Amino acid sequence: MNPRSVKTAEQAAALLEQRSIDNVKVGLFDVDGVMRGKYLAREKFASVLKSGFGFCDVVLGWDSNDQLYDNGTYTGWHTAYPDAPVRVLPDTCRVLPFEPSTLLFLAEFAGKAEALCPRGLLRRVVARAAEMGFAAKAAAEFEFFVFEENPVSVREKNYRGLKTLTPGFFGYSMLRSSVHAEFYHGLLETMRAMDVPIEGLHTETGAGVLEAALLYDDVLAAADKASLFKTFTKIYAQRQNRMATFMAKWSHDWPGQSGHLHLSLQDKNGNPVFHDANAPSGISQTMRHFIGGQQRLMPELLAMVACTVNSYTRLVPGFWAPTASHWGIENRTTALRAIPGGPSSQRVEYRIAAADINPYIGLAAALGSGLWGIEHRIEPSEPIAGNAYDVAPPETLKLPRTLGAAAARLAASDAAKNLFGEQFVAHYAASRDWEQREADKAVTDWQLQRYFEII
């Protein structure tokens, strides 16, 4: 039996028996998009498939550095960090290329914890789309830098003077990809084995930076694949004694790293609804309202997409990242790029997202705001033609400039509470406020260089 053909708990159990699998890996994604998990013995996993298992809910109450939030209400010292129920998802079964005698299954929080679960969040938005008569398709593309470093060496160097896989600017380079063909092919084969197919892979403009475009899928499956891609690209690189980073911007010397999201909708019969051959640029009324909702809510939902303090260092003019909630047709200087084409290829590219995104939460924001636009028949502004950096945005389209400001906008957003639930919005906004306050404590190299001697 092919692991990707597994749909039920019974089929999963039969596959383990058929392959004589002794141990299984089970993983889920936390609020920051970090994969957390454990090995389970086959006997334990057999019972887990039927009834789920308990997973310490601290993973919903700490940051990417395992530091406990001081402002959470769902979990904390006041609740003593109990186990939360988790369900295993049989249809996510995958082989692990580096562990041939082990299978991987994804899981998600259940019970009360489901309100805060990133995958559960996106599943609820998908259900909202279905109630409106739509099915969403999505694909992610990520830029990531690769270094001739390892987790020990980067710390010894204090993240300075790092050696990138290749030097200089050289986008779409056949030279670089051919010289390092083994690395490229190894990554392609790893993702193919895990059913995370890469549609395109090339060098981007920057030292050691690659861009991978993932094949489109149903939006929830696309989020699974995007999350697995980020995790296992890092694993693959480290197994090659290299490192990959998905920071939004790791150095002021190089452009930031995008995590663009492509979205389209179909009706209940599978027919695309974004294309209208009789409309300007083929943009249907449904697509126009979808863009209108994304545009209108982007300032309120930005914390769900630009989710780290570092995200905001990327959102500056002239570095291929948007700075306002503009949209345009085939315009790569805007936050939303309408891509005309035939019925099956017409889509919206949500370009505000960086590579540091949590794919579940980012896609929930991008899809949810578009659905909100359709529900409320929101008309977008006039599309930007030319350089969007030269167009001063009105107040309604200006984006928060820091994570703390974005978290405050999210916490106050009635639309966000309606789309995602008050409990999720409050918890997530609090987690981003924590992240901003942690950053505010730091004494940076810039501060030392500027003030140590002179002031």
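Trainee: Where does Phe109 lie?
Mentor: Phe109 lies in strand S5. Helices (H or I, at least four residues) and strands (E, at least two) are DSSP runs, numbered from the N terminus. This is a predicted model, in which local features need pLDDT of at least 70, side-chain atom pairs count only at pLDDT 80 or more, and totals for chains, interfaces and linings use all residues. Residues are numbered from 1 along each chain as its sequence is written, and side-chain values use heavy atoms, with hydrogens and water left out.

Trainee: Is Phe109 buried or exposed?
Mentor: Phe109 is buried, with a relative accessible area of 1%. Buried means under 20% relative accessible area, exposed over 50%, and partly exposed in between (1.4 Å probe, protein chains only).

Trainee: Which residues is Phe109 in contact with, leaving aside its neighbours within four places in sequence?
Mentor: Phe109 is in contact with Leu28, Phe55, Val59, Leu60, Ala84, Pro85, Val86, Arg87, Glu114 and Cys117, once its neighbours within four places in sequence are left aside. Contact means heavy atoms within 4.5 Å.

Trainee: And how many residues apart along the chain are Phe109 and Leu28?
Mentor: They are 81 residues apart along the chain, and their C-alpha atoms are separated by 8.2 Å.

Trainee: New topic: which residues of helix H1 are buried?
Mentor: In H1 (residues 9-18), the buried residues are Ala9, Ala12, Leu15 and Leu16. Viewed down the axis of H1, they fall within an arc of 120 degrees, so they line one face of the helix. The arc is that of the directions from the helix axis to the C-beta atoms.

Trainee: What covers those buried residues of H1?
Mentor: The cover includes strand S1 (23-29), helix H2 (42-51), strand S4 (83-95) and strand S5 (102-109). The face of H1 turned away from its buried side carries the exposed residues Glu10 and Glu17.

Trainee: Where is Ser20?
Mentor: Ser20 is in the loop between H1 and S1. Its phi is near 55 degrees, a positive value in a residue other than glycine.

Trainee: What about phi of Tyr172?
Mentor: Phi of Tyr172 is also near 55 degrees, a positive value in a residue other than glycine. Tyr172 is found in the loop between helix H4 (151-156) and helix H5 (174-179), and at 62% relative accessibility it counts as exposed.

Trainee: Now helix H3 and helix H7: at what angle do their axes cross?
Mentor: The axes of H3 (residues 118-131) and H7 (residues 219-239) cross at roughly 155 degrees and come within 10 Å. Axes are lines fitted to C-alpha atoms, for helices over the stretch in contact, and angles run from 0 to 180 degrees between N-to-C directions. H3 and H7 are therefore roughly antiparallel to each other. Angles under 35 degrees count as roughly parallel, over 145 as roughly antiparallel, 65 to 115 as roughly perpendicular and the rest as oblique.

Trainee: Which residues make the contact?
Mentor: Arg119, Leu122, Arg123 and Val126 of H3 make it with Val219, Leu220, Ala223 and Asp224 of H7.

Trainee: And at what angle do H11 and H13 pack?
Mentor: Helix H11 (residues 403-411) and helix H13 (residues 422-440) pack at about 165 degrees, with their axes 8 Å apart. That makes H11 roughly antiparallel to H13.
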